[in-house]
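Please have the sequence and the structure at hand while reading.

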Amino acid sequence: MRWRMTAAIMGLLMSGMANAQIALDPKSQWTIDWNNRLGTDFAYLARYRADNERLVPTPGYPRIVFMGDSITENWAKMAGAFFTPGRIGRGISAQTTPQMLLRFRQDVIDLHPAVVHIMAGTNDIAGNTGPMTPEQTQANIRSMVELAHAHGIRVILASIPPADQFPWKPGLDAAGKIAAMNGWLKDYAARSGCVYADYWSALRQPDGLGMREGLSSDHVHPTKAGYAVMAPVAEAAIKRALAMPAPHKTAAK
């Protein structure tokens with residue numbers, strides 16, 4: 001009986017580990033590295049640690065940190081002109097909100113920005129680190145907002161860009177889940193004193209299911225043309241955020 005119980009527990013653990021692994025080409029070195037890292041540096045704190053230490057102030061330019069996943073990471077790579085002095089990209093491909101929350105202190109709070117731009121949720125819906133409910137995603141986003149506000153950091157909450165499918169997780173109702181999460185993000189931003197950046201409306205097809213032709217390379221990730229559409233939305237959100245009084249600091253040093 002004890003052996004059967006042990007076997008059952010091991011089966012559940014192995015099942016959980018399998019769910020936490022991203023469904024990409026198992027022969028891909030990127031996928032191998034991702035899956036190995038889940039057990040050694042779950043939040044990938046090593047990714048920006050050295051970059052953070054090298055940061056220097058940019059007088060006259062408010063510091064704005066962009067926290068997110070591959071859409072944010074690619075933005076810094078593909079549309080570098082948008083990242084003027086003071087704007088810092090801290091996106092990591094495939095990341096979910098629990099991973100972002102774990103690195104939020106290192107990659108946001110400790111950089112002392114005036115504003116943080118948070119774009120998250122795509123990979124939660126895809127289940128990149130295991131199945132997640134919308135409520136769990138929302139709780140992680142709320143925690144990041146509360147941490148930012150406690151340290152006097154203004155927050156921009158970005159909508160999840162439209163996607164009608166996730167190539168690495170086929171069969172999901174991506175569009176419907178994204179629309180529902182964006183509805184919550186917009187409402188929560190209004191209730192919590194954040195600025196809402198509506199990239200979804202700027203990028204979407206008339207039917208709202210995916211991005212317009214030419215704005216995405218794979219139904220999920222924007223092209224350079226897609227980032228060009230996003231830029232004015234971001235600029236307006238940044239202007240609004242900087243015009244707001246900084247939240248009252250409540251966190252102890």
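How many of the 5 residues of strand E4 (residues 154–158) are buried? In this predicted model, 5 of the 5 are buried, so E4 is largely enclosed by the rest of the structure.

**Strand E4 and its two faces**
- In a regular strand, side chains alternate between the two faces of the sheet.
- Arg154, Ile156 and Ala158 lie on one side of E4, and Val155 and Leu157 lie on the other.
- Both faces of E4 are covered, with the residues on each side all buried.

**Pairing with other strands**
- Strand E3 (residues 115–118) runs parallel to E4 and is joined to it by 4 bridges.
- Val115 has Arg154 in E4 as its bridge partner.
- Strand E5 (residues 195–197) also pairs with E4 in the parallel sense, over 3 bridges.
- Opposite Leu157 stands Tyr196 in E5.
- Between E4 and E5 the chain passes through helix H9 (residues 174–192), and this β-α-β crossover is right-handed.

**Aromatic rings**
- There are 11 aromatic pairs in the structure.
- Trp75 and Phe82 form a stacked pair, because their ring centres are 4.7 Å apart and their planes are at 15°, under the cut-off of 30 degrees.
- Both Trp75 and Phe82 are buried.
- A cluster linked by ring pairs consists of Phe66, Trp75, Phe82, Phe83, Tyr199 and Tyr227.

**Arginines over rings**
- Over the face of Phe82 lies Arg87, at 4.8 Å from the ring centre.
- Arg37 lies over the face of Tyr44, and its distance from the ring centre is 3.7 Å.

Terms used: Residues are numbered from 1 along each chain as its sequence is written. This is a predicted model: local features need pLDDT of at least 70, side-chain atom pairs count only at pLDDT 80 or more; totals for chains, interfaces and linings use all residues. Side-chain values use heavy atoms; hydrogens and water are left out. Buried means under 20% relative accessible area, exposed over 50%, partly exposed in between (1.4 Å probe, protein chains only). Two strands pair if DSSP finds at least two bridges between them. A crossover is right-handed if, with the strands pointing away from the viewer, the path from the first strand over the helix to the second runs clockwise. Rings of Phe, Tyr and Trp (its six-membered ring) pair if their centres lie within 6.5 Å; planes under 30 degrees apart count as stacked, over 60 as edge-to-face and the rest as tilted. A charge sits over a ring if NZ of Lys or CZ of Arg is within 6 Å of the ring centre and within 35 degrees of the ring normal.
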